[in-house]
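Morning, everyone. Let me put the model up, and then we'll walk through it chain by chain.

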Amino acid sequence: MLISAAEAVLAVRGLETGYGKLAVVHGVDLTVGAGEVVALLGPNGAGKTTLLRAISGLLPWTGHVQLGERNLRDVGPREAVRAGLSHVIEGHRVFTQLSVTDNLLLAGYDLPRGERAARIEEALAFFPEIAAKRNDRGSALSGGQQQMLAVAQGLVRHPRLLMLDEPSAGLSPVLVDRVLDVVTRLRRQGTAVLLVEQLVEKSLAVADRVYALAQGRIVLEGRTDEADLPDRLQHAYFGH
Amino acid sequence: MLTSILAAGLAVGAVYALIGVTYNTMYSASRVMSFTAGQLGMLGGVLGSLFVLRLGLPLIVGFVLMLACCAVIGIVTEIVAVRPVLKSLDQHLYVLSTLALALMIQQVTAIEWSTEPQPFPRLFGIGTGTFDEKFWLPVAACAATIVGLEMLYRHTLVGRAFLAIAEDNFAARALGLPERRLRIASFALAGIVGGLAGFSGGELLLAFFANGPLLNFYGFVPVALGGLGNNRGAVIGGFALGVFQQAANFLVGGIFSSVAVFILFIIVLLAAPQGLLGTTPARRV
Amino acid sequence: MPNAVAEAQADDRVRMGAAWTPILPFLVVFGLAAAVPQVTNDYWVLIATRAAIYWLLVAALNLIVGFAGQLAIGYVALLTLGAYTASVLAAGNVLPPLPAFAALACAGVAGALFGVVVGLPALRLRTFYFAISTLGFATIVTQVALAWQSVTGGGIGLPGPELPSPFNTPSGFFYLCLALAGACTWMTANIAHGRFGRALIAVRDADVAAEAIGISKARLLVTVFLFSGAVAAIAGGLFATLQTYITPDAFTFDLSILFFISILIGGRGSIIGPMLGTIILTLLPEFAAPLAAWSTFLYAVLLLLIVLVAPGGIAALIDFRSRKPLAADRAVVPRPALLDHVLSHHGPTGDVRTGNRLQRPISLRQVVLSFGGVRALDGLDLNIAPGAVHGLIGPNGSGKTTALNVISGYYRPEHGRVTLGDELLGAASPVTRAAHGIARTFQTPRIVGEASVLQNVMMGGTIQGRATFVESLLSLPRHRADERTLRIAAQFALRTVGLERLGNVRADRLQHSELRFMEIARALMLRPAFLLLDQPAAGLSADEIARLGDLIREIGRHGTGVLLVEHHADMIFDICDQVTVLNLGRVLAQGTPAEIRVHKEVVSAYLGG
């Protein structure tokens, strides 16, 4: 089932990007519909992180990227956030010198003061474990809690599209489930999610559609309820 | 004797500490160390003397005007000497660009102001002997700055944003923080701290263009000792340096005291290149 | 391969024939300079002498700032030291008065030692810290000159050394200085264009790769500091003679800035550039007298403009060769057949041998390494046999690149050993690997952008050179033989990887895939017993990956043990003899590609679950 451009929260066409001379992504087409959870899978070095960074404006790119009706050409990360795109980068990089509340305050930097406090509470409602630690410094949190804080940061602005880059990295299975639970809740309330992951089975369980990226190109696209998907994925990962 | 060494040492040490904070503030915002830090200190004294003494402006007006000028110099540093070289692959160009800018400031001052030390106005006329205002004004300024910065970082959103940018620039960008604007604001803040250092130390160091390179070096020693980006270390290092320098002055005379300071600086740095309170650098490979 | 040998030697002859072109500008400048006393008056001869003395110092400083990349802003300290040492010894304030030339020689010795002292912090300190420390030295030396009144005359100063006839006339003295400047130019050019010069810029621009090549930064820099310090101090002694009378305020910070800026205006890595820069900056105040007071300000403006607009300086602006357009659709086509020549050499009995005569394997035994609290390697056992291609794969964070970095000596394991046969490989000492015949490439190519492709590859063979620094300085036969051998070997290596047509092109103009092959050519210069490749296929097209695979397979067949860390599963399964799969810092599976591909645990590790 194709998502038409009009309904899509994110429409990417022919995206090419890389680091200086090194071209990593070679013409990617991708769509995320409103309220959809889309998983982006692929082996290491495929370019998944690079792709996300281009979409959110952290890297220069060529091609076409549209968030709803807004064209993201020449738009930096700050404008992208304002337009409704939240990018939770890989590595649960929160500000360890600042408290949990401060981290969330910064996530709402451009929000009017009155709204900020309310949005922070809403974000914390997803993660009661860190709500209990709201005055603790980032360095006092465990890796899993830092990851939850990072996702909470992404939620403060009520984004239309939340991009998560390998939220499971370094987390115990219990915490991974915790984070992916949140993704399911987000889908229910209408937030679209683009989930980059290494854990194939768990991602397929929570997503509606899936793309596989290998060597900078999309090699697979499908719905998660298709029967032959696991086999096709293995092929995509291991080449022939 | 001891009290006068202590008084002079803490006073000049406070000026050094504040220049160290200037270096740190610029570094935190951009990962760049700038030769203009010492020049800002020099301008604090020179502009203070220019506005208050030569032009006869009221003290508070001259003070604010001086701070504004120094803030502008800080911003100019970012625009001219820092931002263009951040994009370049050669990571050490900032040493040259900030050196060039610092020299330009220094030369203009030498030519337009004077090559001789000029008097600095007596600000309040309080105290005599070891409690003369020229000794405790810098210390008061240093304390006020530290408290002010603490309040800025802990209780304002902008201050917290400064800390975020300093800790993880990339994550701050990804979060949507206005990184460029914050960096410019940081450099303006650094300018203000440097100007304050020079103004409060004006009665001690006079309005002299050669204070620029002097403060560049002696303001850097606390940073080297205390660790880059570490304001607490800079303050401790600054006071320690000031007292050490005055004691050496008293014991072996002015010229050899600078030799003593330098030897101490080199030995400490070679033993602990990241500073005594500093952190280890990131992985190279 | 007689054809290839003949071609390489023909290339060499062409190069020698063209050797006169770079010398021409120098001949012109020195020719014009020699004419100065004949066509002008004493005043201009003095100016020209000053320029020659400054150039003497700048030529030496150029090796430190331009080539080694150490920002010694306060180098005027050496000039001061040399001037005072020569003057004090000639005047007899401490010892009985020495003849002027002896005093100059002693100044040179003092300068060599002091040059090492000033330069040593460069080995430990970051750039800015080192720059400030040299400023400190400059201040200290001046302060000591001021304070030590009994010896130096304090603020009053003392007369400079008087030279015997015929050097005590303006033109006589000028020709002496010109001759010394010319000799120094020749010597520094020999260093710059030879093995040591390339090693210096490797340390400057690619210090991590320089270690892998076997270049010892400390030994190299100390040698340069010794030489440059001696020359700078001699320049100081001559300066004292020129001034006839020196006081501490003759050695201002402005002078230091002038020397420093001359090099940057001239351009790093060049000799002619800084020479022109020095001449321009020395002569400028003469032609713009009203601006004399503003001269330092203008130098600073010039420095800022150079940094912002033309960081390569004059040298980059006049480098027309590097602007010649390159063909747009270049393909890299390696010639694995040439590996015979590149990897083999003749053993003691005349038989052809590869680098690993003893056929020892590299072994890791129970290696443990953590970063922060995370165990990157958790008891790793690995065995790399010579003469085979060994693939190392695994999901993100499995420790592949970390393992490679431990083998190549960049990380010290907390537990466990890395051995070559029975010999323990030292931890945290990457510089020792090259001597053992272990070469590597890097995840992102670490090369010297400003140097040509050929020079970059020649850097790979640095430790094979046998000429000493002095032999290079004076271009003695062993130095020239070294250069010839290295050049021919590098040309072979370039032919082997298929980049021979880009030999004279600046490396930063190459495409990413070409840089990867260039790194391999550089590694082959060591005739390595082991070649460690860190994701060499990243960013390569399918064709290029296939050719790379062929090349790697041939390298393995020639007896070199190859460790291939990669993400491209196809490539691994195609060319490897053995594959080790890592997960979470330990070995998950080990075997032939066919075994690994169907190994259940491997599949599930990659796909998660």
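One term before the strands: two strands pair if DSSP finds at least two bridges between them. Helices (H or I, at least four residues) and strands (E, at least two) are DSSP runs, numbered from the N terminus. This is a predicted model, where local features need pLDDT of at least 70, side-chain atom pairs count only at pLDDT 80 or more, and totals for chains, interfaces and linings use all residues. Residues are numbered from 1 along each chain as its sequence is written, while chains are lettered from A and ligands numbered from 1 in the order in which they are written.

Start with chain A, and strand β9. In chain A, 4 bridges join β3 (residues 37–41) to β9, and these two strands run parallel. Within that pairing, L41(A) sits opposite A212(A) of β9(A). On to β10 (residues 217–223) of chain A: 6 bridges join β9(A) to this strand, and here the run is antiparallel. L213(A) faces I218(A) in β10(A). The hairpin of β9(A) and β10(A) has 2 residues between the strands, and Q215(A) there takes a positive phi near 50°.

Is β9(A) mostly covered or mostly open? Covered: 6 of the 6 residues in β9(A), residues 209–214, are buried. Buried means 20 or more other C-beta atoms within 10 Å of the residue's own; 12 or fewer is exposed, in between is partly exposed, and C-beta atoms are placed from the backbone. R209(A), Y211(A) and L213(A) point one way from β9(A). V210(A), A212(A) and A214(A) point the other way, and all are buried.

Still in chain A, there is an open sheet. It has 4 strands in the order β2-β1-β4-β5, with antiparallel pairing. The edges are β2 (22–33) and β5 (70–71) of chain A, each pairing on one side only. Helix α1 (residues 48–55) of chain A packs on this sheet and touches β1, β2 and β4 (61–67) of chain A. The direction of α1(A) makes about 115° with that of β1(A). Between β1 (residues 8–19) of chain A and β2(A) there are 9 bridges, antiparallel.

Axes are lines fitted to C-alpha atoms, for helices over the stretch in contact, and angles run from 0 to 180 degrees between N-to-C directions. Helix α3 (residues 59–86) and helix α8 (residues 179–200) of chain B have axes that come within 7 Å and cross at roughly 135°. That makes α3(B) oblique to α8(B). The cut-offs: under 35 degrees is roughly parallel, over 145 roughly antiparallel, 65 to 115 roughly perpendicular, and the rest oblique. The crossing of α3(B) with α8(B) is right-handed. Right-handed means the near helix is turned clockwise from the far one by less than a right angle; anticlockwise is left-handed. The residues of this contact of α3(B) with α8(B) divide into 14 nonpolar, 5 polar and 2 charged. Here Ala, Val, Leu, Ile, Met, Phe, Trp, Tyr, Cys and Pro count as nonpolar, Asp, Glu, Lys and Arg as charged, and the others, Gly among them, as polar.

Second crossing. Helix α2 (residues 36–54) of chain B and α8(B) have axes within 6 Å, crossing at roughly 55°. So α2(B) and α8(B) are oblique to each other. Their crossing is right-handed. On the α2(B) side, the contact includes G41(B), G44(B), G45(B) and G48(B). On the α8(B) side, G191(B), G194(B), G195(B) and G198(B) are among the residues. In contact means C-beta atoms, placed from the backbone, within 7 Å.

Last, the chain contacts. How many residues does each side give where chain C meets chain B? Chain C gives 35 residues and chain B gives 32. The largest share of the chain C side, 14 residues, comes from α6(C). That side divides into 27 nonpolar, 7 polar and 1 charged.

One more item in chain C. Helix α17 (residues 400–407) of chain C is mostly covered, with 7 of its 8 residues buried. Among the buried ones are K400(C) and N405(C). After α17(C) comes G409(C), with a positive phi near 90°.

Definitions and conventions. Contact = placed C-beta atoms within 7 Å.
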